[in-house]
Amino acid sequence: VRLLGGVTMLKGELTKTNSAATRGNTPIGVPSVQFNLGAEWDTPFLQGLTLAANVIHTGRQYVDTANTQEIPSWTRLDLGARYHTEIQDRPVTFRAAVENVFDDDYWAGVASYGTLAQGAPLTVKLSMTTDF
């Protein structure tokens, strides 16, 4: 079992602005908290099979410097698996991943000037890698 996680807690503040009304506000697109937690499990019942899960959370973000418009916080679950084997004496890894398992609609983030990034819908990825 492997666990990997991270957390960022940030208190962003506008300090040098053209308007006294926005001084002290939170900058555009800066959440106060972000965290991720991932886990991998090498299964005992099938050699080479690893199951994985990731949880990602981003706090609410303001869309404008006046802090009157915001996008809500969001949390996403991703699941995956990989299988490592050999085919004709060559290492081969098969991978499958499902991102946004619950197919949630969310705004992933805000860039400068209020440009929004939409979160991807449920996405399935399959791949195979090998060495030559």
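Author: The protein chain holds zero helices and ten strands, where helices (H or I, at least four residues) and strands (E, at least two) are DSSP runs numbered from the N terminus. The radius of gyration of the protein chain, taken over C-alpha atoms, is 20 Å, well over the 14 Å that the globule rule gives for 132 residues, so the chain is more spread out than a compact globule; the rule itself is 2.2 Å times the number of residues to the power 0.38. Along the principal axes, the C-alpha atoms fill a box of roughly 70 × 30 × 25 Å.

This is a predicted model, in which local features need pLDDT of at least 70 and side-chain atom pairs count only at pLDDT 80 or more, while totals for chains, interfaces and linings use all residues. Residues are numbered from 1 along each chain as its sequence is written, and side-chain values use heavy atoms, with hydrogens and water left out.

The largest pocket has a volume of about 200 Å³. A pocket here is an open set of points on a 1 Å grid over the protein atoms alone, where a 1.4 Å probe fits, with protein on both sides within 12 Å along at least five of seven lines; grid points are joined across faces, edges and corners, and the volume is the space filled by probe spheres set on the points. Its lining, meaning residues with an atom within 4 Å of a point, consists of 14 residues, and Ala52, Asn54, Gly80, Ala81 and Ala97 are those nearest the centre of the pocket. At least two lining residues come from each of β3 (49–58), β6 (74–87) and β7 (90–99), and β6 gives the largest share, with five residues. By type, the lining of the largest pocket divides into six nonpolar, three polar and five charged residues, with Ala, Val, Leu, Ile, Met, Phe, Trp, Tyr, Cys and Pro counted as nonpolar, Asp, Glu, Lys and Arg as charged, and the others, Gly among them, as polar.

Gln88, in the loop between β6 and β7, has a phi near 50 degrees, a positive value in a residue other than glycine, and is exposed at a relative accessible area of 75%. Asn100, in the loop between β7 and β8 (107–110), likewise has a positive phi, of about 60 degrees, but counts as buried at 2% relative accessibility; buried means under 20% relative accessible area and exposed over 50%, with a 1.4 Å probe and protein chains only.
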